[in-house]
Amino acid sequence: MMQVLFSFKAERTFAMRSRMETPTRNKPVEARQNVVILFAGDSGDGIQLTGSQFTDTNALFGNDVSTFPNYPAEIRAPQGTLAGVSGYQLHFGSVEIFTPGDQCDVLVVMNAAALKANLSKLKPGGTIIANTDGFDKKNLRLAGYIDEADPLTDGSLVNFLLHSVDITKLTRTALEDTTLGMKEKDRCKNMFVLGFINWMYSRENALTEAFLDRKFGKKPEVLEANRRALVAGYNYGETSETFTMRFEVKAAPMPKGTYRSITGNQGTALGLIAGAQKAKLDLFYGSYPITPASEILHELSKHKNFGVITFQAEDEIAAISSAIGASYGGAIGITASSGPGIALKTEAMGLAFMLEIPLVIVNVQRGGPSTGLPTRTEQADLWQAVLGRNGEAPIPVIAASTPIDCFDMAFEAVQLAIEHMTPVILLTDGYIANGSEPWRFPSSKDLPEIKPPHIQARKNGDPFLPYLRDERGVRPWALPGQAGLQHRIGGIEKQDKTGNISYDPENHEKMVRLRAEKVARIADRYKPIRLDSGPTEGELLVVGWGSTYGAIRTAALQLQAEGMTVAHVHLRHLFPFNKGLGPLLKKYKKVLVPEMNSGQLRQMLRAEFLVDAQGLNKIQGMPFTSEEIKTAIIDLLKS
Amino acid sequence: MSTVNDITPSEKIDFSSDQEVRWCPGCGDYSILKQVQTVLEQSGKKKEDVVFISGIGCSSRFPYYLDTFGLHSIHGRAPAIVSGLRSVRPELSVWMITGDGDALSIGGNHIIHLLRRNVDVNVLLFNNEIYGLTKGQYSPTSPEGVVTRSTPMGSTDHRFNPLALVKGADGTFIARSMDRDPKHMREVLARADAHRGTSLVEIYQNCNVFNDGAFEVFTDKASKPANTLFVEHGKPLLFADGTKGICIKEMKPHIIDIGPEFSPDDCWIHDERDNFKASVLVRMFDDTHREGAFPRPFGVFFVHDRPTHETKLQAQVTKAKEVKGLGDLDALLKGAHTWTIK
């Protein structure tokens with residue numbers, strides 16, 4: 001256990017140095033292949049900003065990165081309590097990174113509650129950097145340490161490398177000659193931490209300095225204070241005698257190209273815009289704010305110059321209904337929400353299905369049921385998506401597996417909706433929606449054109465048949481304003497071809513079958529099914545979907561390296577399934593389906609393919625670790 | 001999309017569709033359908049530029065009977081569908097057909113937001129004070145105490161005053177008419193159509209099967225004069241064949257007898273632009289059996305010019321294109337910060 005005592009000498013040195021550009025580097029540097037670091041503190045401590053800035057710095061340097069922000073549902077939960085702890089986990093490396101990491105190498109905690117909530121995530125022997133000011137009696141009591149016993153001094157952390165640093169005091173000292181109040185000074189603590197971590201991992205402050213310039217350009221005093229705290233943190237690492245070593249994580253062998261950082265929700269928003277652009281349609285987004293889907297609304301509302309209209313509706317029902325109205329008018333109508341909001345949209349999804357008009361519904365899943373765990377992740381809305389409507393109303397369901405994949409799948413959702421005249425449900429979840437990774441973004445010319453099944457206006461008086469289908473079962477998209485194409489449609493059962501109201505029994509059965517067939521035929525356009533990794537036949541196939549991708553991939557690759565015949569396939573199309581899935585499942589003796597639910601995909605696979613699929617199910621609002629998946633694979637192989 | 005707009009109207013355009021009308025014989029809806037068709041014919045609109053959107057209920061079958069674009073949607077949600085449609089197609093003529101249950105019960109949340117946003121649509125609210133399609137339960141406009149199939153001991157619900165609700169939501173065109181007065185209805189509908197913004201017309205419509213005679217006191221020749229007040233912009237508020245009038249004293253309306261003591265000049269002169277007077281008019285909602293009851297007003301109560309929601313939305317799109325330039329997809333995908341691996 002190490003204890004850092006603040007020396008007067010160090011204080012002076014760093015106060016002087018904080019005005020200098022870059023200090024000299026004279027401490028030894030040790031290389032690391034990959035590092036998992038978790039920043040944790042009160043939800044008002046600026047943890048998310050610290051984490052995202054360090055992420056951007058590493059990404060810019062050339063590391064592969066994966067992040068997992070984890071914050072409380074309350075905006076300002078009671079200070080110092082476990083409920084108020086906000087965390088940001090970052091995994092960066094000189095190798096390919098697929099997850100935010102199972103366990104942390106470094107835990108940075110701003111108070112006692114942050115330590116208590118996250119200590120179990122730290123590897124044995126891992127490093128703790130603790131803000132001593134956050135371990136006073138009050139904080140210890142709030143965090144629930146019995147008898148206010150201070151873990152920083154009572155020896156309980158003997159199995160870890162502990163650095164106790166009075167970050168609050170150091171920050172205040174660095175800012176002592178500014179005119180800011182104590183509260184404002186203390187708000188710069190996160191920049192001190194960031195500066196220190198930048199030093200520890202041999203990174204420059206430059207990216208964050210540029211960020212601060214943009215953010216606080218209009219408040220020179222606040223800008224100066226943040227910059228100073230950042231430099232002070234950096235210099236502290238340099239001058240403090242307790243930190244004898246720095247680390248370096250070299251750039252990863254990433255494919256050549258230009259990258260940016262992207263979160264899943266950003267990816268979704270961009271994919272939707274790209275789809276609308278490639279279809280040459282305006283985009284209408286009807287939405288009601290909900291965690292964790294609101295960022296899609298925020299992002300889309302910035303891009304009105306792409307013909308994007310965002311409509312913050314009075315409720316979830318109006319959100320989807322307005323999107324249906326917009327699609328009826330010829331735009332691509334889109335709505336997004338999370339579980340409870342999706343439940344409210346159910347009836348309108350049935351209408352869109354019945355009208356056979358394009359519509360994209362995004363469900364950024366969170367822990368359920370009901371209000372559930374708003375800021376936690378889960379995959380428990382699969383059945384809701386596939387089955388959750390009255391009558392037989394099959395809607396294509398697709399799922400994104402990573403933040404980047406959110407872009408691809410959002411684009412595909414738009415494509416399927418428009419080209420097949422159907423609502424499409426895209427499932428993402430809170431884990432990938434808020435997580436970020438480096439993205440070698442595509443060029444617009446590499447994205448396919450999307451072709452709406454428009455129809456010419458007519459003057460000859462020939463009757464127009466709104467439900468006359470083409471060879472794929474798709475009806476034409478006739479728009480108000482087109483002469484000679486006036487027609488009436490609605491949610492009532494309609495006569496084949498004419499769309500007029502019909503209660504004829506045989507017509508109803510025919511229409512139910514025609515609509516189902518149209519959706520089933522979407523599988524005709526899928527690319528052949530492809531394994532993510534592993535042998536094309538053998539002992540065991542892991543079937544995943546959605547955000548479990550990184551953990552499963554990591555586990556599968558490691559076990560393959562150990563010589564096990566384990567393969568991994570990750571499903572993007574959950575309804576209808578890829579036609580190659582059934583034959584693929586038969587090529588393995590065992591099938592394992594890890595899901596963050598009680599086994600929804602597993603039951604669908606069993607029902608559809610009569611395969612004895614086994615489940616690995618975690619319902620804790622937290623993603624799988626790759627270790628959990630590895631263990632399950634090994635256990636199933638042994639059984 | 002390719003739009004053909006060069007059809008010349010050959011004499012009169014017939015707006016009726018080829019579908020058989022399936023309301024009960026004697027239903028007030030027939031009269032409303034006829035007046036709407038007439039107003040459309042007289043408006044010179046092209047059929048393809050007109051869209052009717054409805055919810056669920058007897059009235060909501062309306063779109064099937066017009067040779068325009070029509071969308072028979074789900075219960076209560078027509079205002080939201082209209083809002084989305086108009087956001088992307090502000091040039092169309094959009095009409096919304098709804099009833100007292102559709103608009104004020106299941107769709108109550110949507111209608112108030114449609115009104116406050118001032119989406120440009122003509123809303124025809126068929127009020128028959130009963131649920132007809134579900135065979136006779138009370139509606140949010142049914143009088144308290146009414147005995148229906150779902151209220152054998154009488155309804156316990158206080159009822160909505162629909163136009164007071166519309167006023168409360170800052171509706172910009174507020175009017176009332178009735179199925180038994182075709183000429184009045186045509187005039188009001190034409191005015192509603194001319195207004196830019198949400199034009200809400202409440203139409204008293206008789207359900208001769210489940211609630212026959214609900215509005216008889218206003219439509220019957222004998223009782224109509226004493227119980228109805230037809231307001232006209234710039235004219236005094238007179239009723240009972242001109243023998244009675246309404247004046248305003250100390251912020252309150254009073255009934256006065258026209259004769260030696262009071263002349264029409266003493267009456268309140270109707271001003272559609274007067275916000276205060278409109279609030280008083282919509283509140284004239286007395287039980288007609290009450291002693292000294294105010295007559296029920298009909299006509300256009302209030303007109304207010306306020307920019308429509310879709311105009312403001314489209315203006316933001318236009319401005320964004322001016323300021324930022326037409327969206328460049330590659331620039332969007334690239335974002336603000338990139339790095340290159342060589």
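Ala130(A) has Ser164(A) of strand E7(A) as its bridge partner. Strands, like helices, are DSSP runs numbered from the N terminus (E, at least two residues, for strands; H or I, at least four, for helices). The model is predicted, so local features need pLDDT of at least 70 and side-chain atom pairs count only at pLDDT 80 or more, while totals for chains, interfaces and linings use all residues. Residues are numbered from 1 along each chain as its sequence is written, with chains lettered from A and ligands numbered from 1 in written order.

Strand E6 (residues 122-131) of chain A runs parallel to E7(A), and five bridges join them. Two strands pair if DSSP finds at least two bridges between them. Both belong to an open sheet of six strands with mixed pairing, in the order E3-E4-E2-E5-E6-E7 (chain A). Strands E3 (64-70) and E7 (161-165) of chain A each have a single partner strand, so one side of each lacks a neighbour in the sheet.

Helix H2 (residues 47-61) of chain A packs on this sheet, touching strands E2 (34-42), E3 and E4 (85-93) of chain A. Contact requires C-beta atoms, placed from the backbone, to lie within 7 Å.

Between the chains, 65 residues of chain A are in contact with 56 residues of chain B. H12(A) gives the most to the chain A side, with nine residues. Pairing also crosses the chains: E17(A) and strand E2 (residues 69-72) of chain B run parallel, joined by three bridges. There, Ile489(A) stands opposite Leu71(B).

Conventions. Contact = placed C-beta atoms within 7 Å. Axes fitted to C-alpha atoms, helices over the stretch in contact; angles between N-to-C directions.
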